Amino acid sequence: MADLLAGAGIFDVDVDDAVADEHVRSSAYRRVVLVTASSRSRDRDRAIVAAILRDPIEMVSKSAVVALVDRIAMKVTGPAEFRQWSAELLPEIDQLKAERHREFIHRRIHDWLFYLSIEDGHMPTPVELAKVTDWMQRVLAEESTSLAVLALLDESGSRKKIRNIAKNRAGSRKLRAQ
């Protein structure tokens, strides 16, 4: 824990408190993730993920790694860069004992690859859309600027709320275009 915090330049966390208290540790991990994600270099990411994943409470470490995945996905230049970055982490992620935690992180990576491919110009099919989580479908419904993607979500979104968000956003985008 001390090395992880020092490597991120965080010196105001009591290491003994962090070791003893999962809430303090979780907060420290969030700060490490912020520093790590804001760095231009991705060279230390795998070591940082490995250190976080050694936490005795997998839910704490899983949450921190998911936060890093989310932040990096929003920084990369496209799906190829994110695919390469995430592939380097998979050996560490696959060390998690709980299958549900491994699967959750794998799904989040898959979701971001899907999102980034759309941002890169790929128009997904209903079958591809069905393979991403409801969470990602909602992210797309709330953030996509593509009328075609919004129409796909309106027609094939997995939940009524997703379909309604997409339909309303598509309608307001059409009005603004006129």
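This is a predicted model: local features need pLDDT of at least 70, side-chain atom pairs count only at pLDDT 80 or more; totals for chains, interfaces and linings use all residues.
1. In this note an aromatic pair means two rings of Phe, Tyr or Trp, the last represented by its six-membered ring, whose centres lie within 6.5 Å, and a pair whose planes are over 60 degrees apart counts as edge-to-face.

2. Together with Y115, W112 and W135 form one aromatic cluster.

3. As to the overall architecture, the chain contains 11 helices and zero strands, and from the N terminus on its elements run α-α-α-α-α-α-α-α-α-α-α. The C-alpha trace spans about 60 × 30 × 30 Å along its principal axes. Of the 178 residues in the chain, 43% are buried.

4. Helix α10 (residues 147–156) deserves a separate point. Its buried residues are V149, L150, L152 and L153. Viewed down the axis of α10, these buried residues fall within an arc of 155°, so they line one face of the helix. At the start of α10, a side-chain oxygen of S146 comes to within 3.3 Å of the backbone nitrogen of A148.

5. S144 lies in the loop between α9 (134–143) and α10, and its side chain reaches the backbone nitrogen of S146 at 3.2 Å. Because buried means under 20% relative accessible area, S144 counts as buried at 3% relative accessibility. R169, for its part, is placed in helix α11 (residues 160–177) and is partly exposed, with a relative accessible area of 21%. Although R169 and S144 are 25 residues apart in sequence, they are 8.9 Å apart in space, C-alpha to C-alpha.

6. The largest pocket holds about 240 Å³ of space. It is lined by 13 residues, of which M1, L4, Y29, A51 and R54 are the closest to its centre. The elements that give two or more residues to this lining are α1 (2–7), α3 (22–38) and α4 (45–52), and the largest share, three residues, comes from α4. By residue class, the lining of the largest pocket divides into eight nonpolar and five charged residues, with no polar ones.

7. The second largest pocket has a volume of about 150 Å³. Its lining is made up of A50, L53, R54, D55, E58, E92, Q95, L96 and K97, and these residues divide into three nonpolar, one polar and five charged. R54 is named among the residues closest to the centre of the largest pocket, and R54 is also part of the lining of the second largest pocket.

Key: Residues are numbered from 1 along each chain as its sequence is written. Side-chain values use heavy atoms; hydrogens and water are left out. On a 1 Å grid over the protein atoms alone, a cavity is a set of points where a 1.4 Å probe fits but cannot get out, and a pocket is an open set with protein on both sides within 12 Å along at least five of seven lines; lining residues have an atom within 4 Å of a point. Grid points are joined across faces, edges and corners, and a volume is the space filled by probe spheres set on the points. Helices (H or I, at least four residues) and strands (E, at least two) are DSSP runs, numbered from the N terminus. Ala, Val, Leu, Ile, Met, Phe, Trp, Tyr, Cys and Pro count as nonpolar, Asp, Glu, Lys and Arg as charged, and the others, Gly among them, as polar. Buried means under 20% relative accessible area, exposed over 50%, partly exposed in between (1.4 Å probe, protein chains only). The arc is that of the directions from the helix axis to the C-beta atoms. A polar contact is a pair of N or O atoms within 3.5 Å; within protein, one must be able to donate a hydrogen and the other to accept it, and residues adjacent in sequence count only if both atoms are side-chain atoms. Rings of Phe, Tyr and Trp (its six-membered ring) pair if their centres lie within 6.5 Å; planes under 30 degrees apart count as stacked, over 60 as edge-to-face and the rest as tilted.
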